[in-house]
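Open the model in a viewer and keep the selection panel at hand.

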Amino acid sequence: MNRGKVVILGGGVIGLCSAYYCQNHGFEVTILDKGEFSSGTSFGNAGMIVPSHFVPLAQPGIIAKGIKWMFNSESPFYVRPRFSRSLLDWGWKFYHYSSKNHVLGSAPLLKELNLESKRLYVSLCDQLEDIKIDEKGLIMYCKTRRALDEEAQLADQAVKLGLKAIVMDKQQLNDIDPNLTLDVEGGVYFPDDAFFSPNLFLEKLKLKLIEEGVEMVSQVDNIKFEVGKNLKLIDTNQGTFSGDQFVISAGVWTEELAKLLGLKILMQSGKGYSFTLENPVEIPKICSILTEAKVAVTPMIEGLRFAGTMEIGPLNFDINQRRVQGIKKSIASYFPSFHLSDFNEAEIWTGLRPCSPDGLPYIGRVKKLSNVLLATGHGLMGMSLGPITGKLIAEIASDQYPRIEISSLAVERFL
Ligand SMILES: Cc1cc2nc3c(=O)[nH]c(=O)nc-3n(C[C@H](O)[C@H](O)[C@H](O)COP(=O)(O)OP(=O)(O)OC[C@H]3O[C@@H](n4cnc5c(N)ncnc54)[C@H](O)[C@@H]3O)c2cc1C
């Protein structure tokens with residue numbers, strides 16, 4: 001069945017998964033990218049699929065921590081102070097949503113989205129060649145008793161939500177991952193989580209899309225929208241693209257595209273870094289997060305990847321070496337077999353997370369232009385939520401009820 005044509009702007013994990021499911025729902029699909037479908041945040045991240053992340057970034061205590069960390073140049077979370085209307089609007093909402101009620105209200109939805117996305121990943125990987133997700137789970141390593149107590153409380157909440165979470169001492173953690181030397185107090189094991197190489201997955205997905213007849217256009221620039229009652233077409237340096245429906249999934253760059261359509265969405269960029277050791281001294285079997293340092297560690301086909309920091313600030317890819325140094329120091333402190341010199345040759349990758357102020361994505365139709373859909377704002381968990389977002393976009397574009405109730409993700413919820 002041909003349901004008409006969908007044009008997608010932005011080819012990170014969200015755009016590519018939207019293209020896959022729209023094509024599967026019977027749409028003719030064109031996807032446009034400003035780069036070569038490999039320059040966004042989706043291509044160097046930690047590759048974790050995280051049902052355990054049911055707490056949004058906007059949470060109680062985060063503002064106080066953020067203020068404390070602003071005075072530490074190696075800290076994992078930082079808001080770059082600047083006079084900007086969009087930062088003020090975003091910051092005010094972020095403050096408003098950093099509440100217990102918001103966390104309790106969002107947790108069941110985030111858990112459901114993540115679990116469904118993981119299920120979709122498993123079947124999607126079955127369709128692709130030579131790729132599978134590793135379903136061994138994730139460990140939150142804690143160096144201090146205080147962090148372990150906090151994680152244990154989170155584990156309790158996880159169990160109440162129906163997830164598996166096991167609090168462990170150092171010996172039990174050693175038994176789970178005997179390949180790794182640890183200097184920690186304990187940790188929490190989340191068996192429902194998973195991990196893989198995001199780069200490899202996206203390469204395979206792109207090949208699949210081409211094979212299935214999706215038109216992929218790279219190096220797209222000078223975008224102009226022609227709008228009547230609805231969006232009619234997109235004019236670009238690579239030609240003019242008309243469609244029945246349009247999806248904007250350009251990550252952190254969605255805000256400026258939305259502006260061209262007269263639509264205001266609140267978004268800030270959350271910069272992070274990653275680097276990968278091809279031949280590390282030790283290779284863990286399972287992915288982990290160094291809890292106090294907020295550093296992610298993932299074994300993947302390319303080697304052992306470390307990722308961290310969240311710098312809320314303007315759109316740029318500058319590397320802050322002090323913060324990268326903070327990541328390196330924390331690795332050596334949790335995993336004493338690693339030394340700072342191990343990272344001398346490591347190339348630093350920078351990624352910009354698209355962050356909404358309430359920590360929830362924007363998924364749905366734009367009210368005032370009903371043939372335009374937005375899919376962005378996934379912040380810390382965009383890789384995890386790629387397939388479910390694509391599936392929901394395909395269902396909404398097909399005028400079906402989305403499989404999960406997502407009214408709290410409405411695009412215009414802050415207007
Ligand atoms: C260090 C780090 C580690 C992370 N680890 C994880 C993790 O382990 N698990 C997890 O779930 N998430 C993780 N994330 C978050 C995740 O990477 C992001 O949420 C996700 O990649 C966002 O995907 P996206 O498709 O929205 O954006 P992007 O991947 O940034 O894609 C946007 C695309 O839009 C294109 N574009 C931009 N402007 C235009 C335009 N005008 N026209 C057309 N195209 C345009 C860009 O070229 C790009 O290809 C991490 C992020 C960072 C920074």
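Two strands are said to pair if DSSP finds at least two bridges between them. Helices (H or I, at least four residues) and strands (E, at least two) are DSSP runs, numbered from the N terminus. This is a predicted model, in which local features need pLDDT of at least 70 and side-chain atom pairs count only at pLDDT 80 or more, while totals for chains, interfaces and linings use all residues. Residue numbers start from 1 along each chain as its sequence is written.

**Six-stranded sheet.** Select β9, β2, β1, β13, β20 and β19, in that order: these 6 strands form an open sheet with mixed pairing. β9 (215-217) and β19 (362-365) stand at the edges with a single partner strand each, so one side of each has no neighbour in the sheet. Angles run from 0 to 180 degrees between N-to-C directions, with axes being lines fitted to C-alpha atoms, for helices over the stretch in contact.

β19 pairs with strand β20 (residues 372-376) in the antiparallel sense over 4 bridges, and Tyr-362 has Thr-376 in β20 as its bridge partner.

α1 lies across β1 (5-9), β2 (28-32), β13 (245-248) and β20, and runs at about 170° to β2. Contact here is between residues whose C-beta atoms, placed from the backbone, lie within 7 Å.

**Three-stranded sheet.** Now select β10, β11 and β12, which form an open antiparallel sheet in that order. The edges are β10 (224-227) and β12 (239-242), each with a single partner strand, so one side of each is left without a neighbour in the sheet. β10 and strand β11 (residues 231-236) pair over 4 bridges; Glu-226 stands opposite Leu-233 in β11.

**Helix α9.** Select residues 321-334. The end C-alpha atoms of α9 are 20 Å apart, which agrees with the 20 Å that its 14 residues should span at 1.5 Å a residue; the expected span is 1.5 Å times one less than the number of residues. Among the buried residues of α9 are Arg-323, Val-324, Lys-328 and Tyr-334. Buried means that 20 or more other C-beta atoms, placed from the backbone, lie within 10 Å of the residue's own. The cover over the buried residues of α9 includes β5 (138-142), β14, β15 (287-290), β16 (295-300) and β17 (303-313).

Definitions and conventions. Buried ≥ 20, exposed ≤ 12 C-beta atoms within 10 Å, placed from the backbone. Contact = placed C-beta atoms within 7 Å.
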